[in-house]
Number of protein chains: 2
Amino acid sequence: MPAPFGLKEVREAYMRISGCVHRTPVLKSQNLDSLAGRQLYFKAENLQKTGSFKARGACNAVLLEKEKRPNSPGVVTHSSGNHGQAVAYAARCAGLPCSVVVPKGTPQVKCDAIRDYGAELVFCEASPASRNETCAEISSKTGRAVIHPFDNFDVMAGQGTIALELLEEVPDLDAVLVPISGGGMTSGIAVATKGMQPNCKVYPVEPYGKLLQRCLQSKQRMWPNPPQFIDTIADAIRTQQVGNLTFPILCEYAEPKVFTITDDQMIEGMKLGFERMKMVVEAASGAAIYAAVKSIEEVDAAPEKVGVILCGGNVDLDHLPWFSRKTSY
Amino acid sequence: MPAPFGLKEVREAYMRISGCVHRTPVLKSQNLDSLAGRQLYFKAENLQKTGSFKARGACNAVLLEKEKRPNSPGVVTHSSGNHGQAVAYAARCAGLPCSVVVPKGTPQVKCDAIRDYGAELVFCEASPASRNETCAEISSKTGRAVIHPFDNFDVMAGQGTIALELLEEVPDLDAVLVPISGGGMTSGIAVATKGMQPNCKVYPVEPYGKLLQRCLQSKQRMWPNPPQFIDTIADAIRTQQVGNLTFPILCEYAEPKVFTITDDQMIEGMKLGFERMKMVVEAASGAAIYAAVKSIEEVDAAPEKVGVILCGGNVDLDHLPWFSRKTSY
């Protein structure tokens with residue numbers, strides 16, 4: 001199956017968003033290289049605008065909305081987390097109005113971050129159904145375009161620019177490790193990677209309980225319904241099911257081997273990021289670090305040169321997970 | 001008074017140590033620029049080898065020891081903190097034996113860090129006198145050169161390379177903010193800065209209780225004796241008195257205006273570094289961030305383009321100061 005977007009669209013996204021997002025550095029750590037016994041290349045999306053890679057996909061989708069509809073009435077999305085901030089930021093870059101639907105009870109600091117970018121906040125009930133309904137209602141009343149966090153090809157192409165930059169700097173990577181939630185980033189990275197360097201493998205890194213590997217191996221959606229959230233400290237990657245649009249792309253372009261990381265392991269990875277790289281990274285990034293340093297030998301002929309996506313750095317400093325959990329690390 | 005070393009020695013140090021230390025990046029943060037209302041340029045020594053700027057001075061002094069005495073029996077110092085690690089690292093780079101004297105009761109993690117660089121640990125009593133005596137005893141028995149943490153011109157010249165790199169990247173800086181303890185880094189930076197860009201002012205940033213400003217203004221050592229430690233969370237800058245060799249240099253080349261930062265303010269600065277820059281920085285770096293963002297208007301005609309030295313990133317993640325103190329931030 002050819003993907004509904006390819007390297008061409010990723011390159012176009014790169015040109016489109018380059019004025020709005022950072023080209024983030026690729027970091028090395030001799031210390032972690034020697035722990036891992038291989039060469040690691042960390043793509044520091046924790047240093048991205050809004051503190052996570054989400055700014056890339058959001059900027060691509062929102063700027064495209066503006067290109068296609070110069071008189072667009074704006075955009076709307078639902079997310080109290082990284083995607084909500086990213087769409088608010090992207091709308092400000094594009095000069096478009098923006099509404100962000102968040103559940104009642106969202107912490108003040110998250111609400112402030114979204115409002116600081118000039119977006120309107122709309123509160124809904126905490127259920128997934130209420131979020132979707134409120135979002136759809138705003139869209140149908142105002143004509144605003146809904147920007148889905150992952151099941152949107154423009155968003156995926158935007159996230160693919162991560163791989164474009166990484167492979168330009170390290171063309172001979174053997175593998176890339178990507179934390180996965182809905183699959184937008186992994187899809188974008190997989191499509192771009194296979195377009196640039198077909199021998200480079202893209203491995204998803206999942207929180208324990210996602211059960212992605214058996215789905216990818218059977219190419220069937222074997223998750224329980226209705227869709228659930230995973231019980232994990234990594235709040236950026238709690239969605240169990242990947243998207244309906246991302247799943248076929250993952251089956252085609254990502255490896256059917258998934259690294260499964262427990263919360264304790266994520267915390268260990270996060271602390272390695274803080275201590276050895278002096279980087280503030282969120283738990284999902286910690287999962288990728290852990291996979292790179294400790295799990296990668298699960299793969300036969302483990303790769304020598306490995307890209308590791310530090311997907312974001314938005315942590316609550318007053319509730320760092322090694323303090324809020326009972327076990328000590 | 002001409003300094004006993006100048007820009008020439010700093011440039012020589014740069015050539016000497018460049019194979020052993022990182023050229024650290026100069027970071028920008030639009031977020032902190034807009035909070036500060038000016039342009040800030042953060043010199044990220046938290047990303048330096050051993051996690052602090054101390055690697056520069058230690059490498060210069062230890063490599064010079066090797067140049068001057070090709071059959072040198074090695075080096076010795078006393079420090080359980082950043083300087084101890086830095087000298088151990090420098091000795092490994094130079095291929096010289098190294099002893100590091102630390103007080104009994106030094107946390108295991110700090111001992112391990114020094115041992116991991118191949119240095120021999122020697123335990124002494126916790127008093128300053130015992131540290132100095134043990135160090136002197138080892139030196140006289142073995143012939144090893146004592147590497148003082150700040151009262152050593154080779155160490156100062158090594159620290160001066162921070163300014164060399166910073167001013168090469170941002171030649172039109174109006175000021176540099178430098179966290180100060182014994183004054184080795186501030187002396188090195190002040191000498192190099194005045195040699196390269198005489199109009200650029202070098203301001204020390206001190207923990208509350210150091211009382212440096214009145215000493216610099218009167219050019220007299222007005223501190224109480226015997227020398228004391230300051231009660232501050234910033235364990236890297238607890239020494240109250242600057243050195244006998246650094247003091248005259250500071251009087252000549254640094255501004256007689258000192259920014260005084262309380263522990264609460266340092267924590268605020270540290271959290272800005274974590275949250276807005278995604279950088280793990282220690283409390284002394286937090287002092288400089290706080291001074292840049294909140295205190296700089298204490299100066300008439302406050303500078304527009306300001307260098308901020310993030311001197312280190314060695315924090316104990318299990319005892320971050322906003323958790324270990326009672327007040328909430």
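**Stop 1: the annotated stretch**

Start by selecting residues 18-312 of chain A: this stretch is 45% helix and 16% strand, and its end C-alpha atoms are 19 Å apart. Keep in mind that you are looking at a predicted model. The name for this selection comes from an unreviewed UniProt entry, which annotates it as "domain: Tryptophan synthase beta chain-like PALP".

**Stop 2: two domains in chain A**

Now color chain A in two parts: domain 1 (7-52 + 152-324) and domain 2 (54-146). Their C-alpha centres lie 24 Å apart. Where they touch, 27 residues come from domain 1 of chain A and 19 residues from domain 2 of chain A.

How much area is buried between domain 1 and domain 2 of chain A? About 1,800 Å², with carbon and sulfur atoms giving 52% of that. On the domain 1 side, select A:Arg16, A:Thr50 and A:Asp154, which lose the most area to domain 2 and together make up 35% of what that side buries.

Next, zoom in on A:Arg16 and A:Glu67: they form a salt bridge, with the closest N and O atoms 2.8 Å apart. Then show helix H7 (153-169) of chain A; H7(A) gives 8 residues, the largest share of the domain 1 side that touches domain 2.

**Stop 3: a sheet in chain B**

Move to chain B and find the open sheet of 4 strands, ordered E5-E4-E3-E6 with parallel pairing. Its edge strands are E5 (120-124) and E6 (145-146) of chain B, each pairing on one side only. Finish by selecting strands E3 (residues 75-78) and E4 (residues 98-103) of chain B, which pair over 4 bridges. There, B:Thr77 stands opposite B:Val100 in E4(B).

Methods: Residues are numbered from 1 along each chain as its sequence is written. Chains are lettered from A and ligands numbered from 1 in the order in which they are written. This is a predicted model: local features need pLDDT of at least 70, side-chain atom pairs count only at pLDDT 80 or more; totals for chains, interfaces and linings use all residues. Side-chain values use heavy atoms; hydrogens and water are left out. UniProt positions are given in the numbering used here, feature names are shortened, and annotations may be inferred rather than shown by experiment. Helices (H or I, at least four residues) and strands (E, at least two) are DSSP runs, numbered from the N terminus. Two strands pair if DSSP finds at least two bridges between them. Domain bounds come from an automatic or database domain assignment. Contact means heavy atoms within 4.5 Å. Buried area is the accessible area (1.4 Å probe) that two parts lose on being put together, summed over both. A salt bridge is a side-chain nitrogen of Lys or Arg within 4 Å of a carboxyl oxygen of Asp or Glu.
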